[in-house]
Amino acid sequence: MIAALMPTYNRADLAFERGEGCWLYTADGRRFLDFGAGIATSSLGHGHKHLTDAIAEQAHKVMHVSNLYRVPQAETLAASLVENTFADSVFFCNSGAEANEGMTKIMRKAQHGNGHPERYRIICFEGAFHGRTLAMLAATGNAKYLNGFGPEVDGFDHVPFNNLNALRDAIGPQTAGIIIEPVQGEGGVRPAQLQFLRDLRATCDEFGIYLGLDEVQCGMGRTGKLFAHEWAGIAPDVMSIAKGIAGGFPMGAFLATEALAKHLYAGTHGTTFGGNPLACAAANAVLDVMLEDGFLPEVDRKARRFWHGLVAIAAEFPTVFEEARGAGFLVGLKCVVPNTEVQNAFAAEGLLSVGAGENAIRLIPPLVVTDSDIDEALAMIRRGALRCLPSDLSVAAK
Ligand SMILES: *Cc1c(COP(=O)(O)O)cnc(C)c1O
């Protein structure tokens, strides 16, 4: 008989009862170092007092009122995001896929409003991941996810990642804009070259199309800046965020310049839950912490410490790992042996990680990870690698 919980995931046989910082504890007393962070989502780790207090306090006052009324917590959060980014205006929703739907809609609507209703197509990249709604399946363009779900939603074209000529060739009279992840997460932890991002910005300006960034995974401090595109010194026209924004509370958003946002006037887009007082209280608490003096530089420093260790381990075990890759704390190891085998070996050492495309493993800890957590993780990764060596080599290495 089918499980009551629909069997859409290959779940590990682990159930966590509580967490503290970067550690998760099972009911039977085992503890795991969480370098998955609920897929780059538990940005402040587990049981962060400022965040849990904010949620508890808001839950006691009022959780939900609907967008029929003003929501002061949402106004505060939007103002803070506007102050700290390229954006002039923010729309709150509930997930990454929904944020990307909104990003697509605002690009189309702005082109339409500017007299170009024919410009509705979006150029996306091979290896992308934008979510699981019907339109975002088409934006993702991965046959594995599309198969069996009927005709693909029209309006998305795909070109190779980091290839400017292919991108320019794909721009046509119907192109509304481009959507790219500055660091591909699910697709295999692949960063876009900074120069490629700058070239995309210039190309969008040249053709009168919009640059949309999917920072659902790489944003919210994960690369050591609040948003990953800041490393390239560019500004998009619109950006989607989710995952880490509320530290594990479900939330998404898209942020846009006024030139785009003015086209989503009252009645053109909406959501019941999006930006409710509880979600916004959580996100405000997360931003309080991330915008504290020194928090992001500290993420950058710690990520470099981890990176140096990862690179050394990858070099030490060429039969297990091809390379370390990624940016900031969105990093990983491209594996030679099957990544599931590596993931299991890490778990046997007490380290949680997340698989990714191109046979990679993601190591994406909470941003509050400590130096000693990092050193412990590196030791577990090294011992995990020993477990994955072909048996004759394993004897020699020990
Ligand atoms: C996770 C993810 C999404 C989808 O987010 P959901 O909240 O699962 O809908 C979209 N884009 C990127 C880059 C992601 O990592």
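This is a predicted model: local features need pLDDT of at least 70, side-chain atom pairs count only at pLDDT 80 or more; totals for chains, interfaces and linings use all residues.
## Basis of the model

Local features need pLDDT of at least 70 and side-chain atom pairs count only at pLDDT 80 or more, while totals for chains, interfaces and linings use all residues. Residues are numbered from 1 along each chain as its sequence is written, and side-chain values use heavy atoms, with hydrogens and water left out.

Domain 1 brings 30 residues to the contact and domain 2 brings 28 residues, where contact means heavy atoms within 4.5 Å.

## Buried area

About 2,300 Å² is buried between domain 1 and domain 2, and carbon and sulfur atoms give 63% of this area. Buried area is the accessible area (1.4 Å probe) that two parts lose on being put together, summed over both. On the side of domain 1, Leu 44, Leu 296 and Leu 330 lose the most area to domain 2, together 26% of what that side buries.

## Salt bridges and elements

Two salt bridges are counted between the domains, each defined as a side-chain nitrogen of Lys or Arg within 4 Å of a carboxyl oxygen of Asp or Glu. Glu 358 forms a salt bridge with Arg 190, with the closest N and O atoms 3.7 Å apart.

Elements giving two or more residues to the domain 1 side include helix H11 (295–316) and strand E14 (330–335). Helices (H or I, at least four residues) and strands (E, at least two) are DSSP runs, numbered from the N terminus. H11 supplies the largest share of that side, five residues.
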